Amino acid sequence: MTKVKNTIPVYDICSLGDVNHLLEEIVAEPFGAYLRGHPNLHFPHRHTFYHIVLFTEGQGYHTIDFEQFPVKAGQIYFMIPGQVHSWSFEGNVDGFVINFSEDLFRNFLSGNQYLEQFAFLRGIANESVIQVPGNKFSEIVATVTKIADEVRLKRPFGIDMARAYLLTLLIEVSRGNTMGVTTNAPQQNQLVLYNFRKLVDQYFAEKRLPKEYAAMLYVTPNHLNALCNDLPGKPAGEVIRDRILLEAKRLLINADLGIQEIAYRLNFSDNAHLTKFFKKNTNLTPEEFRKSSLIKH
């Protein structure tokens, strides 16, 4: 019987690659082979890299940041570094997996924020799982196959071709995706919202009020709130609260951390305040959530 680890593992791209993979920046291969080579990945874990899976067959479910999604043929999902996920598959599962480092495009694209313009690469779980339209599926599979071939064959300019096909994949998926699309919103509004989310990721433990972020963004609290209500569809305060809650869940999965330590890391005054916040938003105490997560996985 496999013992559940107390500490959630974090994998870098080298630990999930092999000698056939191109440099140390990208892994791309059939998903069935990837699963056979890494049988422990069904337990909750994190990555230090971007992670994409396209399902061509399979059933069961996968969980991203504690949101559960059914596995379906034609589905593609995207994850950014730091997210937590796990799998529970039924029967044969296949498709393709692509893992790529944050450095893959660093010296290739002039805009540092290029990838973040894709809604499915912003780390929001319910915007990152996409059912590819039937008439686009063969096109997507062909592009992913080209990426895997470039990684496997290691031909001259192979890494540049892999980059080019990967960008093609992102654009193809974005064009066919009707979920989480914000292209109709003014570019400036999208930029403010993007910077807001980045700041929340950085300061959520110490800054809890929308007005604090509005000041850093040089907008009024009312303007920030209006943008959040318009684009993500929730008030700015709820965006901040959701990020704190997500981090609490991530820390609770690590059974080596006590509730008091988690409360300290999240800047709650004591255990009681953390418990009150957590139960209000999940109907579970931190201890109940931890126990259910360990049993589930």
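Is Asp160 buried, partly exposed or exposed?

What we have here is a predicted model, in which local features need pLDDT of at least 70 and side-chain atom pairs count only at pLDDT 80 or more, while totals for chains, interfaces and linings use all residues. Residues are numbered from 1 along each chain as its sequence is written, and side-chain values use heavy atoms, with hydrogens and water left out.

Now back to Asp160. With a relative accessibility of 32%, Asp160 is partly exposed. On this scale, buried is under 20% relative accessible area, exposed is over 50%, and partly exposed is in between, using a 1.4 Å probe and protein chains only. Asp160 has a salt-bridge partner, Arg163, and their closest N and O atoms are 2.6 Å apart. A salt bridge here is a side-chain nitrogen of Lys or Arg within 4 Å of a carboxyl oxygen of Asp or Glu. Arg163, at 11% relative accessibility, counts as buried. Asp160 and Arg163 sit three residues apart in helix 3 (residues 158–176), so about one helical turn separates them.

Arg241 is partly exposed at 29%, and Asp242 is partly exposed at 22%. There is a network too: salt bridges link Asp65, Asp201, Arg243, Glu247 and Arg250.

Let's step back to the whole chain. Its secondary structure comes to ten helices and eight strands. Those are DSSP runs numbered from the N terminus, with helices being H or I of at least four residues and strands being E of at least two. Of the chain's 297 residues, 47% count as buried. Among contacts between residues at least 6 apart in sequence, 72% join residues at least 24 apart. Contact, by the way, means heavy atoms within 4.5 Å.

So what about the inside? The largest nonpolar core has 33 residues, and Ile98, Phe100, Leu166 and Leu169 have the most contacts inside it. By nonpolar core I mean a set of buried Ala, Val, Leu, Ile, Met, Phe, Trp, Tyr and Cys residues joined through side-chain atoms within 4.5 Å. Which element gives the most to this core? That is helix 3, with seven residues. If you click on Phe100 and set aside neighbours within four places in sequence, you will find contacts including Ile13, Tyr50, Phe105 and Leu166. A second, separate core has 32 residues, among them Leu217, Leu245, Ala248 and Leu274.

Next, helices meeting helices. Helix 4 (residues 187–203) and helix 5 (residues 210–217) pack at an angle of about 120°, and their axes are 10 Å apart. Axes are lines fitted to C-alpha atoms, for helices over the stretch in contact, and angles run from 0 to 180 degrees between N-to-C directions. Under 35 degrees counts as roughly parallel, over 145 as roughly antiparallel, 65 to 115 as roughly perpendicular, and the rest as oblique. Helix 4 and helix 5 are therefore oblique to each other. Tyr213, Met216 and Leu217 in helix 5 meet residues of helix 4 including Val192, Phe196 and Tyr203.

For another pair, look at helix 6 (residues 221–230) and helix 7 (residues 236–253), whose axes come within 8 Å and cross at roughly 70°. That makes helix 6 roughly perpendicular to helix 7. Leu224, Asn225 and Cys228 of helix 6 make the contact with Ala236, Gly237 and Val239 of helix 7.

Ile124 is in the loop between strand 7 and strand 8 (129–131), and at 18% it counts as buried. Beyond residues up to four places away in sequence, Ile124 touches Gln83 and Arg197. Asn222, in helix 6, is exposed at 65%. Its C-alpha is 9.2 Å from that of Pro210, twelve residues away in sequence.
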